[in-house]
Amino acid sequence: ANKILAGLLILAVVLIIVTGIFVSLYYRSIRLGQYRNLAYSYSRTLACMIDGDKVKQYYITEETDEYYDTIQRYIDAFARESEDITYAFVFVPDGSYHYIWDATVNGSRWDLGESEEYLDNTEEILSQTFRHNPEEPYNVSETALYGNLFIALSPIFDSEGNPVNDPWPT
């Protein structure tokens with residue numbers, strides 16, 4: 001009788017552990033899906049607000065105007081007022097992040113025309129992103145400063161319907 005009781009106890013412990021692991025993996029999967037949907041909805045919304053022809057203009061001239069300042073205020077407010085967004089920016093990929101707009105976070109930001117080197121897998125992510133109806137993959141990056149970041153990139157289109165993703169002659 002003691003052997004049967006011990007066997008049932010071991011079985012119960014194993015079932016509890018397996019169930020706990022399954023539930024935590026399932027919960028993580030559900031939460032990642034929710035974060036992914038939220039991140040891409042923010043990213044697509046921001047991309048839809050921006051005139052792609054103006055992005056080309058700013059990339060070439062690096063001169064701002066009233067429209068530029070208005071979008072900068074939107075992006076700053078977007079990042080500041082949403083507790084779900086850590087960082088928001090608009091860039092043209094030209095071998096680096098060539099910033100057009102960057103949200104002011106913790107008192108600092110990249111200015112128009114400044115560049116920053118790509119992260120490790122950026123080229124692959126960009127090749128999947130800057131096109132019509134891009135896939136929206138799980139791009140989770142582990143950082144020392146922010147922990148796990150979910151990266152959501154959405155293309156901005158010009159008036160001809162082309163993704164604003166290639167550098168133009170200056």
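Helices here are DSSP runs of H or I with at least four residues, numbered from the N terminus. The model is predicted.

**Stop 1: helix H1**

Select helix H1, residues 2–49. Within helix H1, pick Phe22 and Tyr26, which are 4 residues apart and therefore separated by about one helical turn. Their ring centres lie 6.4 Å apart with the planes at 15°, so this pair is stacked. Both Phe22 and Tyr26 are exposed.

**Stop 2: a second ring pair**

Go to Phe89 and Phe91. Here the ring centres are 5.5 Å apart and the planes stand at 40°, so the pair is classed as tilted.

**Stop 3: the ring cluster**

Select Tyr58, Tyr67, Tyr68 and Trp101 together; ring pairs join these residues into a cluster. The structure as a whole has 8 aromatic pairs.

**Stop 4: Gln72**

What does Gln72 contact once its neighbours within four places in sequence are left aside? The contacts are Trp101, Asp102, Ala103, Thr104 and Arg109.

**Stop 5**

Now show the charged side chains. The count of salt bridges comes to 3.

Start with Asp65 and Lys54, whose side chains form a salt bridge with an N to O distance of 2.8 Å. Asp65 sits in the loop between helix H2 (52–61) and helix H3 (66–81), while Lys54 belongs to helix H2; the two are 11 residues apart and link distant parts of the chain. Asp65 has 22% relative accessibility and so counts as partly exposed. Lys54 is buried, at 17%.

Next, select Lys56 and Asp158. Their salt bridge has its closest N and O atoms 2.7 Å apart. Lys56 is in helix H2, and Asp158 lies in the segment after strand S5 (147–150), 102 residues apart; this pair also links distant parts of the chain. With a relative accessibility of 7%, Asp158 counts as buried.

**Stop 6: Arg80 and Glu81**

Finish at Arg80 and Glu81. Buried or exposed? Both residues are exposed. Their side chains meet in a salt bridge with an N to O distance of 3.1 Å.

How values were computed: Residues numbered from 1 in each chain as written. Predicted model: local features only at pLDDT ≥ 70, side-chain atom pairs only at ≥ 80, totals over all residues. Heavy atoms only, no water. Salt bridge = Lys/Arg side-chain N within 4 Å of Asp/Glu carboxyl O. Buried < 20%, exposed > 50% of the residue type's maximum accessible area, 1.4 Å probe, protein only. Contact = heavy atoms within 4.5 Å. Phe/Tyr/Trp six-rings, centres within 6.5 Å; stacked < 30°, edge-to-face > 60°.
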